[in-house]
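This report looks at strand pairing and at contacts between charged side chains. The sequence and the model are shown first.

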Amino acid sequence: MKLTMHLGSRSYDIILKRGCLANLHQFTDLAHRKVFVLTDSGVPADYARTVLDQCADGTLCTVPQGEGSKSLKVYGEVLGAMLAFGMGRRDLLVAVGGGVVGDLGGFCAASYMRGIDFVNCPTTTLSQIDSSIGGKTGLDLGATKNIVGAFWQPRAVLIDPDTLATLPRRHFVNGLAEAVKAGLIADPELFELFETGDVDADIETIIYRSLQVKKKIVEQDEREGGARRALNFGHTIGHGIEAVKGVRGRRTNGLYHGECVALGMLPMIEDRKLQKRTRAVLRKLGLPVRTGVDKRKVLGYMQHDKKGAGSTITVIRVPGLGCWRADAIPMSGLPALLGLDEE
């Protein structure tokens, strides 16, 4: 299956096909330029090697697994490795891994020599469903997620569902939260697939429909000036929860990004029946529907959310299945979203 992101001169193809990682050379030039392959220590080495073996002049850079690699320190180390490899403006960076590798690699490509080509090869459910397309790249500053970054569209995205076979079950399910989000805001049939279908048997359909939702929104609003805000559904509260209880550094018993987004979506669904249906879907998938996180700490991080503008912040609500609404609310209204006004 193929989708094309239509963005004028920045357009690119999204290839969704089992085994396509071994055929990257068919979709981009690996023979006549230096290729810098970026991965992390949690990605099976065979995936990056599959890419590297197709390159005439390639090198491999492996960063530590985890959100901690989306840091200025690791970013500087990767840029240094790119410089040491002698990369020029016509060369290519290929990211092979999950969202961390894609975000880091994309930002390195965006900023090295003011921008070089970038190809994304996502290997996790979360990155295949969501983060690999759209051009958002970025780093964290401390616990504030994605506050440093750039819009930099890839030249191609290759999604090989075979790579999901090596994911632990919890990681596989974690990524499905973004697909549930896509169904809630724009695709009722996708949401209903979660209610009645088999996610393992239907995974390619789930990925494809999720990508269709995001592609359509990004084509309307590449730089998040309007419609693209819909994709932040669940993320205002979710990022706050992730800052307090997310897996990070030595905190290995916390929540993953998709789990936090799942928790962040529920309070923003206005239809009680739909909220109940969503809870049932999340439970069916094995995603959390409640957490014992300190709400006041979550509130503190929400007040530093990048979607804030002075004394207001934009939040995304879902009044009914397949639709959404952006509300600009005062920062003083954030406690109510967490139920703190009831305490």
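Two strands count as paired if DSSP finds at least two bridges between them. The structure discussed here is a predicted model.

**Strand pairing around β2**

Strand β1 (residues 2–5) pairs with β2 in the antiparallel sense, over 4 bridges. Within this pairing, Lys2 has Ile15 of β2 as its bridge partner. The two strands form a hairpin with 6 residues between them. Gly8 lies in the turn and has a positive phi of about 65°.

β2 is also joined to strand β9 (residues 156–159) by 4 bridges, and these two strands run parallel. Here Ile14 stands opposite Val157 in β9.

How enclosed is strand β2 (residues 12–16)? Buried means under 20% relative accessible area. Of the 5 residues of β2, 4 are buried, so the strand is largely enclosed by the rest of the structure.

**Salt bridges**

Side chains of opposite charge can pair when their charged atoms come close. With a cut-off of 4 Å between a side-chain nitrogen of Lys or Arg and a carboxyl oxygen of Asp or Glu, the count comes to 27 salt bridges. Three of them are listed here.

| Arg10 | Glu222 | 2.8 Å |

The salt bridge between Glu222 and Arg10 links distant parts of the chain, 212 residues apart. Arg10 is in the loop between β1 and β2, while Glu222 is in the loop between α7 (203–220) and α8 (235–245). Glu222 has a relative accessible area of 13% and is therefore buried. Arg10, at 41%, is partly exposed.

Lys34 belongs to strand β3 (residues 34–40) and Asp57 to strand β4 (residues 57–63), so the pair ties together parts that are 23 residues apart in sequence. Lys34 is partly exposed at 23% relative accessibility, and Asp57 is partly exposed with a relative accessible area of 32%.

Arg317 and Asp327 are both buried.

Salt bridges with shared partners also join Glu67, Lys70, Asp103, Asp140, Lys145 and Glu242 into one network.

Key:
Residues numbered from 1 in each chain as written. Predicted model: local features only at pLDDT ≥ 70, side-chain atom pairs only at ≥ 80, totals over all residues. Heavy atoms only, no water. Buried < 20%, exposed > 50% of the residue type's maximum accessible area, 1.4 Å probe, protein only.
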